[in-house]
Amino acid sequence: MIELYNPNRYLEPNIIEPCFIDGKTLSINKQLCGNGLSTAFFKIKPSHGKVNILIAPNKAFVQDKELKYKENPSLYEYNRIKFFYKETKEYDFTNADVLVFVADSFWYRRESLSIIAHRVEKVLIDEIHSTEQQSFDFR
């Protein structure tokens, strides 16, 4: 286990960037690390030509993040973020630094995503325990 010290209430990108290691799947204990993991992730600038992906547990989570982004995109270090869920009108993965999906929307768009797989730099599955809990009864 790696322990990273966070002196602030909310996480900053420089705290969570070491949590991503190429080719590895890692878990983060958010009870120990503080708040703001997804917001800090949105601020991590991918390498030129690359894209980061956040997979969220439910539509409400994604819509909340989308609303906050649209209200003040400069809070996200000028990353261009696109949001995908069942009712979204967004289908284009271009002109974005971060793509945000509800888990089932990610699965639904898997063939389209396979085309850009070589461009994916970091993937964060946020609140994975919620995804499992919320889908247990019907998936």
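In what order do the 4 strands of the open sheet lie? The order is E2-E3-E1-E4, with parallel pairing; strands (E, at least two residues) and helices (H or I, at least four residues) are DSSP runs numbered from the N terminus, and two strands pair if DSSP finds at least two bridges between them. Strand E2 (81–84) and E4 are the edge strands, each pairing on one side only. The model is predicted, so local features need pLDDT of at least 70 and side-chain atom pairs count only at pLDDT 80 or more, while totals for chains, interfaces and linings use all residues. Residues are numbered from 1 along each chain as its sequence is written, and side-chain values use heavy atoms, with hydrogens and water left out.

Strand E1 (residues 51–56) runs parallel to strand E3 (residues 98–102) and is joined to E3 by 5 bridges. Leu54 has Val100 in E3 as its bridge partner. Helix H4 (residues 59–71) packs on the sheet and touches E1, E2 and E3, where contact means heavy atoms within 4.5 Å.

The largest nonpolar core has 21 residues. A nonpolar core is a set of buried Ala, Val, Leu, Ile, Met, Phe, Trp, Tyr and Cys residues joined through side-chain atoms within 4.5 Å, and buried means under 20% relative accessible area (1.4 Å probe, protein chains only). Among the members that touch the most others are Phe41, Leu54 and Val100. Helix H3 (37–43) supplies the largest share, 4 residues. Another core, of 10 residues, lies apart and includes Val51 and Phe93.

Arg119 lies in the loop between helix H6 (110–116) and strand E4 (120–125). Beyond four places in sequence, the contacts of Arg119 are Gly49, Lys50, Val51, Phe93 and Ala96.

Methods. Axes are lines fitted to C-alpha atoms, for helices over the stretch in contact, and angles run from 0 to 180 degrees between N-to-C directions. Buried means under 20% relative accessible area, exposed over 50%, partly exposed in between (1.4 Å probe, protein chains only).
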